[in-house]
Amino acid sequence: MARKRFYLPKPKKCGTTGKTMFALKKDASFAMMRVWSHDPSVDILDMHTYQCPHCNSFHFGHKSYYEMSKVNDTVSIGAE
């Protein structure tokens, strides 16, 4: 008898940022640590979890990129 295969559902992505959506902050934190455990060269001190203002789900990413995106939303770069 053939074994029935089990597939995990494809994770949902944020329509605005393209990042993986997590319903709970602890799930995003767990995923962040899993990424770091596979690639210890990632600067874990620059990573954080946050609630997305677009989809209200949780994502993880670099603090520096997140801070830059907040500045870019409010200040027009290159405008005179």
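Are phenylalanine 22 and phenylalanine 60 buried or exposed? Both phenylalanine 22 and phenylalanine 60 are buried, where buried denotes under 20% relative accessible area, exposed over 50% and partly exposed the range in between (1.4 Å probe, protein chains only). The model is predicted, with local features requiring pLDDT of at least 70 and side-chain atom pairs counting only at pLDDT 80 or more, whereas totals for chains, interfaces and linings use all residues. Residues are numbered from 1 along each chain as its sequence is written, and side-chain values use heavy atoms, with hydrogens and water left out.

The chain contains two helices and two strands, taken as DSSP runs numbered from the N terminus (helices: H or I, at least four residues; strands: E, at least two). From the N terminus on, the order of these elements is α-β-β-α. Of the 80 residues in the chain, 21% are buried. Among contacts (heavy atoms within 4.5 Å) with a separation of 6 or more, 41% join residues 24 or more positions apart.

The largest nonpolar core comprises eight residues, namely Phe22, Ala28, Ala31, Met32, Val42, Met47, Phe58 and Phe60. Such a core is a set of buried Ala, Val, Leu, Ile, Met, Phe, Trp, Tyr and Cys residues joined through side-chain atoms within 4.5 Å. At least two residues of this core come from each of helix H1 (25–38) and strand E2 (58–62); H1 gives the most, with three residues. When residues up to four places away in sequence are not counted, alanine 31 touches Phe22 and Phe60.

One aromatic pair is counted under the rule that ring centres of Phe, Tyr and Trp (its six-membered ring) lie within 6.5 Å, planes under 30 degrees apart being stacked, over 60 edge-to-face and the rest tilted. The ring centres of phenylalanine 22 and phenylalanine 60 are 6.3 Å apart and the planes stand at 35°, so the pair is tilted. Because phenylalanine 22 lies in the segment before H1 and phenylalanine 60 in strand E2, the pair ties together parts that are 38 residues apart in sequence.

Strand E2 also holds histidine 59. With 0% relative accessibility, histidine 59 counts as buried. The side chain of histidine 59 reaches the backbone oxygen of threonine 20 at 2.8 Å. Apart from neighbours within four places in sequence, the residues in contact with histidine 59 include Cys14, Thr17, Thr20, Ala28, His48 and Cys52.

How values were computed. A polar contact is a pair of N or O atoms within 3.5 Å; within protein, one must be able to donate a hydrogen and the other to accept it, and residues adjacent in sequence count only if both atoms are side-chain atoms.
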